[in-house]
Amino acid sequence: MHRKPFFQTVSLLILVLLMVSCGGAPSPAAGFPSPTAVPSEPTITAPPTPILAPTPETPPATSLPEPTSAPPATSQPEPTPIPSPQPTVAPPPPTATPTPAPPTPVPPTSSFTGILFFLRDGALWIFDAGGERLIVDQVREFTPSANGNVIAVVREVERQFDVWTVRRDGSDLRRITNDRSVEASLSWSPDNAALIFAAADASEFLPQTWPDRALWCSAGQIVVLDIASGQRQALANGCDPALSPDGRRIAYSAPPTLRDPAIAGGAPVAGNAIRLINRRGENTWNFARADGADAPAPNTGMLVYAPAWSPDGASVAYHRYVGMQIEVDVNLSEIGGSFEGKGRPFAEGAGWLLPSRFAPDGRRTAIIEHNYSDARGFGGYDDWSVQVVALDGLRTVDLPQGSVTMLGGSATRLPRAASAAWSPDGTLLAVLLPPGWRPDVPLNEPFDPSGAESPGEVWLWQPGVAPSIRLISNVDFASPLAWLP
C-alpha cells in the first residue's frame, strides 16, 4: 500500500533532473518576448536593420516612433533614416507676385560694379563699391568725362547758372563760366579738352515742357569752350547740342520760326530743324525738319528736338513733337543715318521726351517720357515712364492719326520711371522710381494721389522683368543718372 507513492516520487525526481540537463525554457522574466506574443516574428537578438523600402503598411521612420520592442536609444544608436528630399522652391518672378517682399539693398562690394552718379538734395553724389559719397552741392545738371575722373556740372549759385568742373573725389572745384546766361546740355569732347553746351539769355533752367522749351531754345546758342584757355566760341543759335562720338560734329535743335498768336504773346514756338555742324561752325545742314502740324510728310510736326548719337556715330536719333491729338501731346522718336538723314520712326510718346539713351552696343535705346499734359489728371511720378526699344525688326503702332510701321521689333515700357542709365555692359538699367514703389499698383490709379515730386529710389531693371533690386534711396525727383565702369 506504500509502494505506489514511493514510485511516483522517484519518477517525478527523475523527470526534473532530465529537464535540467537538457536546458528547459527560461522564465519570462528574462526579458525575451513570449513565444505566444509575436508568433510570426523571428527571435530578436539585435536592433532591427533599418528598412530602406518599407511596405505600404510600414510608415517611414521619420513619421512614427520606433517600435516598443527596440532597445532604447542610449544602448544602441538609431539607424539613420533617409528623409524624403524637400523640393527647392524658386522665388516667383516679380511680375507674378502680387505683393513682393520688401527689397533688400545690394551690398556694394559684392553685387554692384562701376560708378553711379545721381543728385540728392541738389548735390551730386556717387554710388560705387565703397558706398555713397558727396562730390559737390548746388547742382542742376552734370556729365562725367569718359573715365569719370572729372565731372562737368551746372551749378546754381545765387540765382546764377554756370559751368563748373570737379574731380570725382570732390577736389579741384573750378568755375568755367561766369555770366548771366543759363547753361545746359553739357557734352565733353573725347579728349576732355573742351565742353559743348547751350547758353540762353533766360532766367530759368532748361524746361522740359512745350512751349517753354521752344522759347528757351529761341534764346539759346551752341557754344564750344576750351578748358585750358577758357576760349569760348558760339557756333549757332539753338539748343540741345550733342557731340558725335569722334568729336567732329555737333547735332542740335535750331530755334523755332513759326509764331502762334495765342501763345507767349505770339513768339515763335514751332517750325524748326535738327542741324548738323562741324566743330568750326561750318558745313551746316538740316538733318530733319518740322514745318508745322499741317505740313505734308515727312516734315509734319510742331518741332524736332533732342538729338542723340548712336555709339558708333552712324545714326542720330531725335524726337518729333507732332502736336496735340485727342487730348494727347503726341511725339514720334525717329532715327536716320548721320550723313543722309531720312529719319524713320521707332517709338511713340506723349508730353515731352528726353534725349534717347543708347545701350553701349547701339542695338537698343531708352527714352524717358514726361507726360506733363497727362489726360488722367495725375502728377508726380505717374506722369513719367521709360521705354526701351530694340532697333531690329519692325512693328505696327496705333496712333490717333492711324497705324504707323516703326523700326524695332519690340518695345518695353516701365511706368513711373523718371530717369534711366544703362549699365556699362548694356544688360541692365538704373531707373529712378517713386519711394515705396511696387510693381502691382494698377496703372489706372495714381501711385501718390497728391502728385508729389518726392525723392525716389534707384532700382536695377532688366527690360521685360519687373525691377527687383533697390540700390539707393532719397534720390532727387527726376534726377539725371549716369553709370560708368
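I started with the contacts of Leu 429 (contact: heavy atoms within 4.5 Å). Leaving aside neighbours within four places in sequence, Leu 429 touches Ala 366, Val 388, Ala 420, Ala 421, Trp 422, Trp 459, Leu 460, Trp 461, Pro 463 and Trp 483. This is a predicted model, so I note that local features need pLDDT of at least 70 and side-chain atom pairs count only at pLDDT 80 or more, while totals for chains, interfaces and linings use all residues. Residues are numbered from 1 along each chain as its sequence is written, and side-chain values use heavy atoms, with hydrogens and water left out.

Buried means under 20% relative accessible area, exposed over 50%, partly exposed in between (1.4 Å probe, protein chains only). This core has 36 residues, and Leu 429 is among those that touch the most other members, along with Leu 116, Val 431, Val 458, Leu 471 and Ile 472. Strand 30 gives the most to this core, with five residues. For element numbers I use DSSP runs counted from the N terminus: helices are H or I with at least four residues, strands E with at least two.

**Disulfide.** I found one disulfide in the structure (cysteine sulfur atoms within 2.5 Å). The sulfur atoms of Cys 217 and Cys 239 are 2.2 Å apart. Cys 217 sits in helix 3 (residues 212-218) and Cys 239 in strand 12 (residues 239-243), so the pair ties together parts 22 residues apart in sequence. The S-S torsion is about -95 degrees, so I call the disulfide left-handed. Both cysteines, Cys 217 and Cys 239, are buried.

**Sheet 18-19-20-21.** I traced an open sheet of four strands in this order, with antiparallel pairing (two strands pair if DSSP finds at least two bridges between them). Strand 18 (303-309) and strand 21 (341-350) are the edges, each with a single partner strand, so one side of each has no neighbour in the sheet. Seven bridges join strand 20 (residues 328-337) to strand 21.

**Salt bridges.** I get 20 in the structure, each a side-chain nitrogen of Lys or Arg within 4 Å of a carboxyl oxygen of Asp or Glu. One of them pairs Glu 348 with Arg 413 at 3.9 Å, N to O. That pair links strand 21 to strand 28 (residues 410-415), 65 residues apart. Glu 348 counts as buried at 18% relative accessibility, whereas Arg 413 is partly exposed at 34%.

Key
A nonpolar core is a set of buried Ala, Val, Leu, Ile, Met, Phe, Trp, Tyr and Cys residues joined through side-chain atoms within 4.5 Å.
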